Every structure is written in C-alpha cells, then in structure tokens.
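Let's take a walk through this model, one piece at a time. Have the sequence and the 3D view open side by side.

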Amino acid sequence: MIADPTREVLRAFALSGTPVPVVGGRGRSVRVGDAVLKPPDGTAELVDGQAEIMAAVREDGFRVARPLRTTDGRWSHLGWTASLHVDGAEPDHRTEPRWMDILAAGRAFHAALAEVRRPSFLDRRTDVWAVGDRAAWHELDVEVVPELHPVHEALSRLVPGATADGAQLVHGDLTGNVLFAPGLPPAVIDFSPYWRPPAFAEAIVIGDAVLWHGAGRELLVRAGLATGAVARALVYRLVTTSERVRRAGQAPTDGEVADYERAAGLVVAC
C-alpha cells in the first residue's frame, strides 16, 4: 500500500485530479492526469542528476518519460518526483518473451547517451546497487552473507578482470523498465545510471532473464554475450541482494538462494 501524494505535492507540480495507482514496477507510483508521481530512490543529488539527463536526452528509436519540474523549478517536492506518462506496458515474458527487443531499445538509448560526460554524483552513491556494481567490477571488496557465499565464489571465478574500455553512461536496470505499445517506439523509464560499457547493461538484462524469468541457455546463445559478462551481471545482482538483506539484519530467502544457484549453474555450464 503506497501513500498518496498530498494536495501540496499536486499543487507543486501543477497537477489536479485523483491519484490512481500504476500497475507494475515496485508498486509505488501513481498517475494523476498525464503525469506519473513516485517517491524517488537515492539522494537529492542523484534524483536531480537523473532528471537533468532524462530531460535532455534526444529520443531516436525510443521514447522516454520526461521528468517534470515543480512550479519553482525543482525536480522533487516532499519526497515525490513527477514525469510525463508514456503509453506502454512491460512484456509478459512467460507468453511472449521480448528480451532481444529490450536489448535493442537499450542500444538506441545508450547511443543517445554516448556523448554525455561522466556525472560526478556517481562517485558519491552508497546504495546497495552501487555497492553491487563496484563489487562486480573489482572496485570494492565485499563479504557476502553466508547463504550466498558458495554461489558468489562460483560466479566470481568466471568474471574477467575489470577494464574501463568503452565505458559510458548506461541504464543499469532495463529489464522491467522498457515499455511496449503498438505502433510506438519502446519507452525507456526509471533511469538507473552507471558508468560502464553498454555490454554490461545488456548482460544485466540477460542475467535477470535467467535469474527471475526462467530463461535458459537458448537466450544466452542468442544474445551473444560472453559467459564472463553474464557472470559479472549475476555477481552484481547477488551482491546487491546480499547488501540489502545484511543492512536489514535479515537473511536471503530460500527462494532467492535457489534462484542464484540455478542461474549460476546455467552460466557455469555454458
């Protein structure tokens, strides 16, 4: 159950109407007229930096949910951000997998970001996703929770050494954030910025497909990504999970451990 934005929040973004929950994502967004409101993730610096990039990106083969400013020029108000609604829905990968279409949308999006300079706010991220990313690229040593240690070791043996070659601004969470609508280019939403080679963003999509959506070896072969790249993406997700549960004083569920074991087994066997 999410909290509705207050009238003050609606006034700040010059919106009127009744907030209606948006289906999908993490269940925290509401739609008000032609806008979508959601509580932001991360620091104010990160939120503002993401918004500035998404406001300026030139659409070419994709659409974006343009962020909206408040009436006094800010990108958030009282814990809420706003963006224009875009038509589309996540694909149902059980009945009609669209993994290759997501990769194609990501390539178009990353081509549009190719000349963007490295944002300095990336250096100051300390969230679980940033920790997972740095660990996957050998920039940070972490001790994963005991339940995930064996599979982390198995995957880490496949991960190649880190290299900065080809790094640029990328969207590191495309899997559930590419929407499709008939007759329209795919829409890329909820930008998660990282400074990595675009192939890493693609490997995350394929790793997610294996980890959470039951994809198998056929997709790994079809995507044409190196085994080490997919292993790195799975390490990123695994460390993120480990950090999340550790910070909460919890342990991963049996289902989470089983998912990582199954995904790692598939990748190791390739």
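Which residues in helix 4 are buried? They are Val128, Ala130, Val131, Gly132, Asp133, Ala135 and Ala136, where buried means under 20% relative accessible area, exposed over 50% and partly exposed in between, using a 1.4 Å probe and protein chains only. Before going on, a word on the source: this is a predicted model, in which local features need pLDDT of at least 70 and side-chain atom pairs count only at pLDDT 80 or more, while totals for chains, interfaces and linings use all residues. Residues are numbered from 1 along each chain as its sequence is written, and side-chain values use heavy atoms, with hydrogens and water left out.

Back to helix 4, which spans residues 128-136 and is mostly covered, with 7 of its 9 residues buried. Helices (H or I, at least four residues) and strands (E, at least two) are DSSP runs numbered from the N terminus. The cover over those buried residues includes strand 10 (193-196), helix 6 (198-212) and helix 8 (227-247). Look at the start of helix 4 and you'll find a side-chain oxygen of Asp127 within 3.1 Å of the backbone nitrogen of Trp129. After the helix comes His138, with a positive phi near 60 degrees.

Helix 6 and helix 8 pack at about 70 degrees with their axes 8 Å apart; the axes are lines fitted to C-alpha atoms over the stretch in contact, and angles run from 0 to 180 degrees between N-to-C directions. The pair is therefore roughly perpendicular, a label that covers 65 to 115 degrees, with under 35 roughly parallel, over 145 roughly antiparallel and the rest oblique.

An open sheet of 3 strands has the order 4-9-8, with mixed pairing; two strands pair if DSSP finds at least two bridges between them. Its edges are strand 4 (63-64) and strand 8 (178-179), each pairing on one side only. Strand 4 runs parallel to strand 9 (residues 187-188), joined by 2 bridges, and Arg63 stands opposite Ala187.

Last stop: Ser76, in the loop between strand 5 (67-68) and strand 6 (81-84). Why does Ser76 count as partly exposed? Because its relative accessibility is 25%. Leaving aside residues up to four places away in sequence, Ser76 touches Phe13, Thr70 and Thr81.

Definitions and conventions: Contact means heavy atoms within 4.5 Å. A polar contact is a pair of N or O atoms within 3.5 Å; within protein, one must be able to donate a hydrogen and the other to accept it, and residues adjacent in sequence count only if both atoms are side-chain atoms.
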